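These are my notebook entries on a protein structure.

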Amino acid sequence: MELEPRGRFGRPFVYRESTESTQLLLKDDPPEGAVAVADEQTAGRGRLGRTWDAPAGTAILCSVALRPPADRRIAELSLVGGMAAADAIEQALGLAAQIKWPNDVMVNRFKVAGVLAEAREGIVVLGIGINVNQTREQMPEGAASLRTIDGVTREREPILADVLERLEQLYERWLQGGVDAIYDSLGARDFLRGRRVSLDGTSGIAVGIDREGRLELDIDGERKLVESGEVTYER
Ligand code: BT5
């Protein structure tokens, strides 16, 4: 894959046909905006030790080096990355994309993209995986690609360039004003709002993502704010 960067993000640009994980390619103190992309990952990472799987050449698999101030909450960057992916997916597909807190992008209740924010050695590596051209047989349960949704095979490069441009803009806004600064569009994309959800053994109704990027729950009439975790919802 090649990239015509439209801004600061994408310089330098590292591409590998096949690699363990793009999260591991941004080495030696990369500048903010350095991007690594691969056509195939042999050990793609999800959160909490899970894997991210995509057949070679079908998906966007990219990692971006970020250098937020040390006092900022890294988890919020998953939402920033999710927003960039959701906006780009919506643009490519012409269908609404939603954010399932804390890091999934959903279309028609299927997961089409995932985001992983990992902090190490003074940088945050933000990984974004977007399912573009996988066939139905190639998708895990509960997941979809842009192609399984509308039957269209797409070039990945323009979508990648779009994601990075949007990410740069959203990240700048987040740097200035936190989640609050992107909240108008984030709140409108909140997939869990109003749904019955379970988290760490408790269940309740998701009130929604708040202006600090936490998930607000209503558990039997009591409000609870969650900073991180694994949410399941009832379909
Ligand atoms: C995520 O984890 O959603 C974060 C995924 C981040 C992937 C990118 S790709 C570029 C960069 N390099 C990496 O190595 N990773 C990042 P999580 O919420 O834990 O979701 C993982 C779960 O989603 C797995 O346990 C599967 O059930 C499912 N899954 C695996 N591959 C998938 C896919 N292609 N599409 C949708 N769901 C998938």
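Which residues lie nearest the centre of the second largest pocket? I worked on a predicted model, and there I found R47, A75, S78, P102 and S228 nearest the centre of this pocket, among the 14 residues that line it. I noted that helix 1 and strand 6 are the elements that give two or more residues to this lining. The largest share, three residues, comes from helix 1. By class, I recorded eight nonpolar, four polar and two charged residues in the lining. The space in the second largest pocket is about 260 Å³.

I next turned to the largest pocket, which holds about 810 Å³ of space. Its lining has 38 residues, and R50, T51, W52, D104 and K111 are the closest to its centre. I listed the strands that each supply at least two residues of this lining, including strand 3 (59-66), strand 6 (110-120) and strand 7 (123-131). The lining divides into 14 nonpolar, 14 polar and ten charged residues.

Finally, I looked up how helix 1 packs against helix 3. Helix 1 spans residues 75-93 and helix 3 spans residues 156-177; their axes are 8 Å apart and meet at an angle of about 140°. I therefore describe the two helices as oblique to each other. Their crossing is right-handed. Among the residues that make the contact, I noted L77, V80 and A84 of helix 1, and V163, L167 and W174 of helix 3. I recorded twelve nonpolar, two polar and four charged residues in this contact.

Conventions:
Residues are numbered from 1 along each chain as its sequence is written. This is a predicted model: local features need pLDDT of at least 70, side-chain atom pairs count only at pLDDT 80 or more; totals for chains, interfaces and linings use all residues. Side-chain values use heavy atoms; hydrogens and water are left out. Axes are lines fitted to C-alpha atoms, for helices over the stretch in contact, and angles run from 0 to 180 degrees between N-to-C directions. Helices (H or I, at least four residues) and strands (E, at least two) are DSSP runs, numbered from the N terminus. Angles under 35 degrees count as roughly parallel, over 145 as roughly antiparallel, 65 to 115 as roughly perpendicular and the rest as oblique. A crossing is left-handed if the near helix is turned anticlockwise from the far one by less than a right angle, and right-handed if clockwise. Contact means heavy atoms within 4.5 Å. Ala, Val, Leu, Ile, Met, Phe, Trp, Tyr, Cys and Pro count as nonpolar, Asp, Glu, Lys and Arg as charged, and the others, Gly among them, as polar. On a 1 Å grid over the protein atoms alone, a cavity is a set of points where a 1.4 Å probe fits but cannot get out, and a pocket is an open set with protein on both sides within 12 Å along at least five of seven lines; lining residues have an atom within 4 Å of a point. Grid points are joined across faces, edges and corners, and a volume is the space filled by probe spheres set on the points.
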